[in-house]
Amino acid sequence: MTVIDDDLRQMALQMAADARAYLTTVTEVAAGSSPAAALPLLLLAVSDVLGAGSRLGAITDVVPVDRFEPDLGPDHDVDPLRDNLANALVGVDEYTAVVDPLGGDETEQLTVSGGLVSVAQALVQGLRHFEAGRVTEALWWWQFSYLSDWGTTAASTLRALQEMLAHVRLDVEDDVAAEAEFEALQS
């Protein structure tokens, strides 16, 4: 194991905790444990993990001693998670996103479930390194994959989740909104 300073070790511990929290929330939503809270829970989970990723993006590049990623064995099977999330988000899963906001206006069709699972895959890969005692490798993986893939994916997914939540909360009939406003003013 490579010797790393206390700041990086603390960052790795926090990132592992953030990754586990994200995975727990996404798994619980996929299981359908609280459908009424699914959108707010996912919004919070993605926001939190993006904050963790941002900390990784803000530090100097983490470079492991070995210039290759050790074989961790077969990849974690995420298909059941993807399928369950797609079922939980049926009717609101698909959205349109700009491919590269700095490079033009090309768009692509994406799914929230696919984005959530893509982020989960990257976090799991880092956790596997972390739990095997390869802290530097875990940090490198989380940082590299945040900058190259899951950061963008999570940001796009977050935007879609925020828009969904806004529509759920704000798209109400005028008479319902007026009645709620009247009641709020009277209390």
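Which residues lie nearest the centre of the largest pocket? They are Y95, A97, L110, S156 and T157, among 24 lining residues. This is a predicted model, in which local features need pLDDT of at least 70 and side-chain atom pairs count only at pLDDT 80 or more, while totals for chains, interfaces and linings use all residues. Residues are numbered from 1 along each chain as its sequence is written, and side-chain values use heavy atoms, with hydrogens and water left out.

**Overall fold**

- The protein chain holds six helices and two strands. Helices (H or I, at least four residues) and strands (E, at least two) are DSSP runs, numbered from the N terminus.
- Along the sequence, the order is α-α-α-β-β-α-α-α.
- The chain has 187 residues, and 38% of them count as buried. Buried means under 20% relative accessible area, exposed over 50%, and partly exposed in between (1.4 Å probe, protein chains only).
- Among contacts with a separation of 6 or more, 74% join residues 24 or more positions apart. A contact means heavy atoms within 4.5 Å.

**The nonpolar core**

- The largest nonpolar core has 49 residues. Such a core is a set of buried Ala, Val, Leu, Ile, Met, Phe, Trp, Tyr and Cys residues joined through side-chain atoms within 4.5 Å.
- Y22, L123, W142 and W150 have the most contacts inside this core.
- At least two core residues come from each of α1 (6-30), α2 (38-58), α3 (79-88), β1, α4 and α5. Helix α5 gives the most, with twelve residues.

**Residues to look at**

- W142 sits in helix α5. W142 counts as buried because its relative accessibility is 0%.
- W142 and L56 are 86 residues apart in sequence, yet their C-alpha atoms are 7.6 Å apart in space.
- W150 touches M15, V49, G53, V119, A122, L123, W142 and S145, again not counting residues up to four places away.
- T153 lies in helix α5 (residues 135-170). Its relative accessible area is 19%, so T153 is buried. Outside its sequence neighbours up to four places away, T153 touches G115, S118 and V119.

**The largest pocket**

- The largest pocket has a volume of about 490 Å³. On a 1 Å grid over the protein atoms alone, a pocket is an open set of points with protein on both sides within 12 Å along at least five of seven lines; lining residues have an atom within 4 Å of a point.
- Two or more lining residues come from each of β1 (94-98), β2 (107-111), α4 (112-131) and α5. Helix α5 gives the most, with nine residues.

**The cavity**

- There is one cavity of 30 Å³ or more. A cavity is a set of grid points where a 1.4 Å probe fits but cannot get out. Grid points are joined across faces, edges and corners, and a volume is the space filled by probe spheres set on the points.
- M11, Q14, M15, D18, A52 and R55 line the largest cavity. Helices α1 and α2 each give two or more of these residues, and α1 has the largest share, four residues.
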